[in-house]
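Subject: Structure handover and notes

Dear colleague,

Here is the structure that I said I would pass on to you. Please open it alongside this message, as the notes below are meant to be read with the model in view.

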Amino acid sequence: MAKFRIPKQTDRSLLMALFSIRDDINSLSAEHRILARTFEGHGSAELEINSLQEPPELAGEILAQESEVMSVFWLRSASNHNGLVIHRKGTEITDEVEIAANNEWYNNLNLKDERRKLLVIRLISSARKHLRAISADASMLGEGDAEWARYRASQGAILNSLQETQRTILSDFTRRSLEMEAAAKARIDAREAELEAHYNTLREQLEHERQSDKERLTAREQAIEERENSFNTKEARYVARRGQEQQIAQIKEWLNDWSLTKGTHSKRRVIIAAYVIGAATTGFAAYWFSTESMEILHASAPQLAWWQWLLLSIKSIFPFAAFVAIIIAFIRWSSDWAKQHADEEFRNRARILDIGRTSWLLEAVRDAQDNSKELPPDLVKELSRNLFAYSPTDTSELHPQAVSDMLMQGLNSLRVKGPDGSEIEAKRGKA
């Protein structure tokens, strides 16, 4: 039906033109597909391309090359007839476009006759516009026109001159690049040799210094080892003294702020509250019952029998007795707490004294060992007697119950000589 030439274009450009043509004719309810064949010969494939954004894998690889690999393009109708075909002409300066090569495409269009004619006109006009047929027509005209021929000849001469200039520039650029590469390689080789020589010199120098440092370090380690062996005992003493001083300081600091724990205080508060509540309850009950008994006695004392007097007395005496018992129990409980607190404080202070005695005794033993001497065992035994063996004083000793106990207090035995010369001896713990 129609055939014309178009200029050489890339695969992507031709596909974009075919999509534009299809969009122009689809408005006439003529659905078409776009197909392409990769190349002629072995390994060729026919591809259907529905979008340039998500083409098939093979088509995407071809389009990424931005070249002219595909040999044939089709715009095919729903009845599987070709409405437009683009043939790549490898040996010619233009490609060929053929529209409706046979009547099957036209006859199988599911359109009215007027719509068919309109479709053909729109297809031809859109194909010539998007495939740039006018550019190919202009290049083919004017061969017989002298001015046009001179113009084309001048343009050809200019193109040839530009190609020759480009070739010369490329040749000079390649030659200069090779020369610069050779010069750079020579400089790099010379610099590499210089750096290698400098590296060898530095390595020998560093090796010599390392050997000297190693010998010096070995001598220093030997001296340090000798000093360590010499002062090991003194260092151990210093550490021991520091530990003892820290321990004593820690105990003293603890004694300055010594107090009961929060849990103990909480338990004491509960017991004190119980004592207070019990004392208040029994005291109020004693007062209340005594008041009632007094009122009854004032009102009807002569009419009361003896057993009524007894009941009124018992009613007032029992709460008062409970009140007195609670007060006495509270006083004893507080006294026991105070005694335990005081015993613990005295025990801690005795512990500090024992730590001081122990440190002094250890220093004496170390000094004796350093001087190759030995302290007498009896002396060591006497100095270490009763260390960390604190026992609280019995309160019964503070209140002697008899005159003999008062006289014997602090004595192991007592001997009395009578006027007739007889002697009486009493010893503690014996009758």
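What follows is a short account of the strands, the charged pairs, the aromatic contacts and one surface patch.

Please bear in mind that this is a predicted model, in which local features need pLDDT of at least 70 and side-chain atom pairs count only at pLDDT 80 or more, while totals for chains, interfaces and linings use all residues. Residues are numbered from 1 along each chain as its sequence is written, and side-chain values use heavy atoms, with hydrogens and water left out.

Because 5 of its 6 residues are buried, β6 is largely enclosed by the rest of the structure; here buried means under 20% relative accessible area, exposed means over 50%, and partly exposed lies in between, with a 1.4 Å probe and protein chains only. Strand β1 (residues 2–7) runs antiparallel to β6 and is joined to it by 6 bridges, with Lys-3 having Glu-98 as its bridge partner in β6. Strand β5 (residues 82–87) is also antiparallel to β6, through 4 bridges, and Ile-86 is partnered there by Val-97; two strands are taken to pair if DSSP finds at least two bridges between them. The strands β5 and β6 form a hairpin, with 6 residues between them.

Turning to the charges, the structure holds 14 salt bridges, each being a side-chain nitrogen of Lys or Arg within 4 Å of a carboxyl oxygen of Asp or Glu. One of them joins Glu-48 to Arg-33, with the closest N and O atoms 3.4 Å apart. This pair links distant parts of the chain, since Glu-48 is in strand β3 (residues 46–48) and Arg-33, 15 residues away, is in strand β2 (residues 32–37). Glu-48 is partly exposed at 33% relative accessibility, and Arg-33 is partly exposed at 30%.

Asp-172 and Arg-175 have their closest N and O atoms 3.8 Å apart, and being 3 residues apart in α6 they are separated by about one helical turn. Glu-194 and Arg-191 come to 3.3 Å between the closest N and O atoms, and they too lie in α6, 3 residues apart. A network of salt bridges links Lys-8, Asp-11, Arg-88 and Asp-95.

As for the aromatic residues, a search of the whole structure finds 1 aromatic pair. The rings of Phe-330 and Trp-333 have centres 6.1 Å apart and planes at 35 degrees, so the pair is tilted; rings of Phe, Tyr and Trp (its six-membered ring) pair if their centres lie within 6.5 Å, and planes under 30 degrees apart count as stacked, over 60 as edge-to-face and the rest as tilted. Both residues lie in helix α8 (residues 306–370), where Phe-330 is partly exposed at 28% relative accessible area, whereas Trp-333 is buried at 15%.

Finally, Ile-158, Leu-159 and Leu-162 make a nonpolar surface patch of about 290 Å², and Leu-159 is found in helix α6 (residues 146–256). Patches are made of residues with over 30% relative accessible area and no salt bridge, like charges being joined within 9 Å and nonpolar side chains (Val, Leu, Ile, Met, Phe, Trp, Tyr) within 5 Å, and accessible areas come from the Shrake-Rupley method with a 1.4 Å probe, only the protein chains shown counting as cover for residues.

With best wishes

Technical notes
Helices (H or I, at least four residues) and strands (E, at least two) are DSSP runs, numbered from the N terminus.
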